Amino acid sequence: MGLKNCPECGRVFVENPAGMCPACLEQEERDEIKVVDFLRDSGKASIEEIHLATGVKEKTILRMMKKGRFIGDFVISYPCETCGTLITEGRVCLACSKNITSQLRNEAAQDAETVAKIEEFKKVGRMYTNLNKNK
Ligand SMILES: [Zn+2]
Ligand SMILES: [Zn+2]
């Protein structure tokens, strides 16, 4: 077990699985209760709204979310990783995922073109082969 600087407050602490000092861990547990209470009342909120209502840092809320702490009938919206639009599931918004999909499709289409060309060459080849056979 080594000593580490707490990523939250910078104090030195004895390393633990939570990765933060006991004081911050306690704070995070309190924050979590605050956020869950707020979510129970509102049912649906953006991270910004949660932050404004509870005073919990957006970064902390995101981290808790990623740990799967807010499982229930809550809908939490958070920014798309690409453009910042608020989303409630996945990592990017619909528009960005469409963009990514169409990019992939373009690549696939290029491939399809190549495949078609190859097929055509094959056909032509076969035609010649057939002609040769008929001779
Ligand atoms: Zn700390
Ligand atoms: Zn987006």
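Colleague: How many bridges join strand β4 to β5, and do the two run parallel or antiparallel?

Modeller: Strand β4 (residues 75-79) is joined to β5 by 2 bridges, and the two run antiparallel. Pairing takes at least two bridges found by DSSP between two strands, so β4 and β5 count as paired. The bridge partner of Y78 is I87 in β5, and that of P79 is L86. Strands here are DSSP runs of E with at least two residues, helices are runs of H or I with at least four, and both are numbered from the N terminus.

Colleague: What are the ground rules for this model?

Modeller: The model is predicted, so local features need pLDDT of at least 70 and side-chain atom pairs count only at pLDDT 80 or more, while totals for chains, interfaces and linings use all residues. Residues are numbered from 1 along each chain as its sequence is written, with chains lettered from A and ligands numbered from 1 in the order in which they are written.

Colleague: What is the strand order of the open sheet, and why is one side of β3 and of β5 left without a neighbour?

Modeller: The order is β3-β4-β5, 3 strands with mixed pairing. β3 (44-46) and β5 (86-87) stand at the edges with a single partner strand each, so each has one side without a neighbour in the sheet. The pairing of β3 with β4 is parallel, through 3 bridges. There, V75 in β4 is the bridge partner of K44.

Colleague: Which residue takes a positive phi in the hairpin of β4 and β5?

Modeller: G84 does, near 90°, in a hairpin with 6 residues between the strands.

Colleague: Which residues of β4 are on the covered face?

Modeller: I76 and Y78 are on the covered face, while V75, S77 and P79 are on the uncovered one. Helix α2 (residues 47-54) lies across β3 and β4, at about 95° to β3.

Colleague: What makes up the largest nonpolar core?

Modeller: It has 10 residues: V35, L39, A45, I47, I50, V56, I61, I76, Y78 and I87. Such a core is a set of buried Ala, Val, Leu, Ile, Met, Phe, Trp, Tyr and Cys residues joined through C-beta atoms within 7 Å. α1 (22-42), α2 and β4 each supply at least two residues of this core. I50 is in contact with V35, F38, A45, V56 and I61, leaving aside neighbours within four places in sequence. Contact means C-beta atoms, placed from the backbone, within 7 Å.

Colleague: How do the axes of α1 and helix α3 cross?

Modeller: They come within 11 Å and cross at roughly 85°. That makes α1 roughly perpendicular to α3, because 65 to 115 degrees counts as roughly perpendicular. E28, D31, E32 and V35 in α1 meet T60, I61 and M64 in α3. The residues of this contact divide into 3 nonpolar, 1 polar and 3 charged.

Colleague: Why does C9 count as exposed?

Modeller: C9 has 12 C-beta neighbours inside 10 Å. C9 lies in the loop between β1 (3-5) and β2 (12-14). Beyond four places in sequence, C9 is in contact with C21, A23 and C24.

Colleague: Is A53 exposed or partly exposed, and why?

Modeller: A53 has 16 C-beta neighbours inside 10 Å, so A53 counts as partly exposed. A53 lies in helix α2. C-alpha to C-alpha, A53 and F38 are 7.6 Å apart in space and 15 residues apart in sequence.

Notes: Contact = placed C-beta atoms within 7 Å. Axes fitted to C-alpha atoms, helices over the stretch in contact; angles between N-to-C directions. Buried ≥ 20, exposed ≤ 12 C-beta atoms within 10 Å, placed from the backbone. Parallel < 35°, antiparallel > 145°, perpendicular 65-115°, else oblique. Nonpolar A, V, L, I, M, F, W, Y, C, P; charged D, E, K, R; others polar.
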